[in-house]
Amino acid sequence: MTKSGRKFNILEAHLNFGDMKEEIAKKVNTWLEGNFDVDTKTAVADLQKNNPDDLADSFYKNLEFGTGGLRGLMGVGTNRMNKYTVGMATQGYANYLKQCFPDAVSVAIAHDSRNNSRFFAETVANVFAANGVKVYLFEALRPTPELSFAIRHLKCQGGVVVTASHNPKEYNGYKAYWNDGSQLVPPHDKNVIKEVDKIASVDDVKWSGGEKNISMLGKDMDETYIKMVKSLSVYPEVIQKHKDLKIVYTPIHGTGITLLPQVLKEFGFDNVHIVKEQSEPDGNFPTVAYPNPEESEAMSYGLKLAEKLDADILSGTDPDADRIAIGVKDSNGKWVLMNGNQTAVLAFNYLMEARKTKGIAQPNDMVVTTIVTTPMIDAIAKGNGVNCYRVLTGFKWIAELIRQKEGKENYVIGGEESFGLMIGDQIRDKDGISAVALLCEMAAYEKEKGRSLYEKMIDLYVEYGFYKEHLISITKKGMDGQEQIAAMMEAYRNNPPKAINGSDVVQLLDYELQKGNNPQTGEEWPIELPKSNVLQFILADGSSISARPSGTEPKIKFYFSVNAKLNSAADFEKVSAAMDEKIKKVIEDMKL
């Protein structure tokens with residue numbers, strides 16, 4: 001690539017161009033001459049000849065093994081997901097597991113429907129097995145939550161699922177798990193990264209020779225997992241009365257199709273309609289731009305079928321079936337998608353309310369949510385006499401709190417605004433399979449009472465207060481994108497606003513410095529959570545604004561939450577419009 005090329009013009013502003021070009025050339029040469037397969041070498045040579053821009057992007061850095069694992073574009077090169085980057089990551093992870101568990105190590109491995117996912121999963125299995133690790137490999141694609149469950153059920157020391165969640169088709173990824181079925185938390189996350197970083201060459205990887213250490217997982221594990229999910233049902237007798245509840249489900253070409261229809265049947269539902277166009281697992285995700293149930297575009301086929309059938313509930317899961325979305329009819333009979341906060345509110349309330357009504361609630365019940373999820377959950381928990389805890393964003397932190405409270409408090413449900421729920425303590429990651437089943441049960445429960453989930457949501461607003469949330473995601477492109485976002489956070493940190501939209505900031509919570517303060521009084525207090533680069537502004541009127549940069553992309557998210565009193569369901573539209581206007585003014589005042 002010449003010095004006039006777009007990528008290197010950007011690089012020159014931050015790095016010595018000659019050094020960068022030399023470093024790339026050195027890496028390329030290693031891949032052309034080292035112990036790489038012929039197809040890989042041919043692909044590198046082709047990039048070198050025909051696409052120097054892509055060659056530079058493929059080699060200018062190493063694909064980072066972050067605190068959750070790997071995620072990136074697939075292709076050849078050090079900055080891509082391929083056999084060699086996956087193998088080197090696995091070797092480092094295997095080394096760390098063997099240090100922590102010197103007597104014996106076993107792992108479970110699963111994968112989603114993405115292109116190359118099976119190949120990567122088998123690569124991971126072979127590397128672990130060659131290192132003397134006992135491997136339980138799912139025989140075919142399976143949902144991520146079943147992997148978490150299998151780790152716990154088989155008493156494994158770790159696990160891996162090959163998935164890039166809801167990213168576009170060009171991506172794949174690798175999530176690493178610990179022995180409790182949760183993703184890695186300190187100190188293991190950073191320690192695994194150190195071990196992965198020590199793997200300097202593909203020659204450091206044990207690629208084969210332990211095939212006898214690999215066992216397949218299939219139907220037996222499925223049945224055990226489904227039995228666990230069925231045990232979460234609170235009102236099976238209500239389902240029997242409404243077993244013809246009209247359910248529409250789309251797996252969006254992902255793994256949910258392997259288990260969810262069977263789970264709904266086991267629950268007792270016999271009127272389930274699968275979105276045909278999206279029923280087949282397909283890593284090309286032919287019907288969507290992004291296989292993300294949070295996006296209305298990804299759920300459009302489901303919405304059309306739900307409308308055509310006049311269904312009771314629409315549900316969808318992402319490719320690895322850990323995230324969910326639900327659709328319901330509003331008061332005018334129009335189909336709408338509930339946002340992540342609303343979905344969480346419905347699920348949390350159902351389990352607290354139903355357990356209480358059924359007489360199975362425990363005095364030490366607890367629920368867990370995150371610092372950027374709607375405060376309405378706290379209000380509902382308080383109203384039901386249930387302890388509610390807030391943790392950092394990510395289900396690994398919910399799992400960490402369960403570990404801390406085990407034997408003292410009874411975990412019921414956890415969730416966050418990004419369309420994830422974790423019901424019961426038999427898994428330690430978000431589970432779209434059990435979440436869809438429970439939300440369908442809830443739809444039946446509300447139908448028994450003569451109302452829809454939408455009407456139930458408004459009733460909850462009347463009872464606990466009307467909370468409304470909004471999210472803005474800002475991307476700063478270019479090599480200096482991360483620097484721009486860092487500067488933005490520092491500006492808020494060093495010169496925080498005293499008021500926003502005419503309401504005083506009464507709490508400034510800095511999770512990076514682990515300190516909170518009241519800018520009006522100067523009062524300070526410690527924050528008892530791990531460090532995280534998040535800032536929150538709590539206003540006198542009860543509104544909150546959270547700023548949270550991505551750790552892996554030049555992106556920053558702003559979460560807004562406002563609330564108001566809703567006297568009756570008849571006032572819903574009017575109050576909702578006023579809250580939208582309030583959020584708009586907050587955003588304008590912050591100049592976003």
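Let's start with a group of rings: W31, F36, F59, Y84 and W207 form one aromatic cluster. Rings of Phe, Tyr and Trp (its six-membered ring) pair if their centres lie within 6.5 Å, and planes under 30 degrees apart count as stacked, over 60 as edge-to-face and the rest as tilted. Keep in mind that you're looking at a predicted model, where local features need pLDDT of at least 70, side-chain atom pairs count only at pLDDT 80 or more, and totals for chains, interfaces and linings use all residues. Residues are numbered from 1 along each chain as its sequence is written, and side-chain values use heavy atoms, with hydrogens and water left out.

Across the whole structure, a search turns up 19 aromatic pairs. One of them joins Y96 and W178, a tilted pair with 5.8 Å between centres and 40 degrees between planes. Y96 belongs to helix α5 (residues 83-100) and W178 to strand β5 (residues 171-178), so this pair links distant parts of the chain, 82 residues apart. (Helices, H or I with at least four residues, and strands, E with at least two, are DSSP runs numbered from the N terminus.) Are Y96 and W178 buried or exposed? Both are buried, meaning under 20% relative accessible area with a 1.4 Å probe, protein chains only.

Now find Y461 and F572, which are stacked: 6.2 Å centre to centre, 10 degrees between the planes. Because Y461 lies in helix α17 (residues 453-464) and F572 in helix α19 (residues 572-589), this pair ties together parts that are 111 residues apart in sequence. Y461 and F572 are buried too.

What lines the largest cavity? Its lining includes L351, R355, D365 and V412, and it divides into 6 nonpolar, 1 polar and 3 charged residues. Helix α13 (340-358) gives the largest share, 4 residues. In the second largest cavity, α13 again gives the largest share, 4 residues, but the lining is 9 nonpolar, with no polar and no charged residues. (Ala, Val, Leu, Ile, Met, Phe, Trp, Tyr, Cys and Pro count as nonpolar, Asp, Glu, Lys and Arg as charged, and the others, Gly among them, as polar. A cavity is a set of points on a 1 Å grid over the protein atoms alone where a 1.4 Å probe fits but cannot get out, and lining residues have an atom within 4 Å of a point.)

Terms used: Buried < 20%, exposed > 50% of the residue type's maximum accessible area, 1.4 Å probe, protein only. 1 Å grid on protein atoms, 1.4 Å probe; cavity = no way out; pocket = protein on both sides within 12 Å on 5 of 7 lines; lining within 4 Å.
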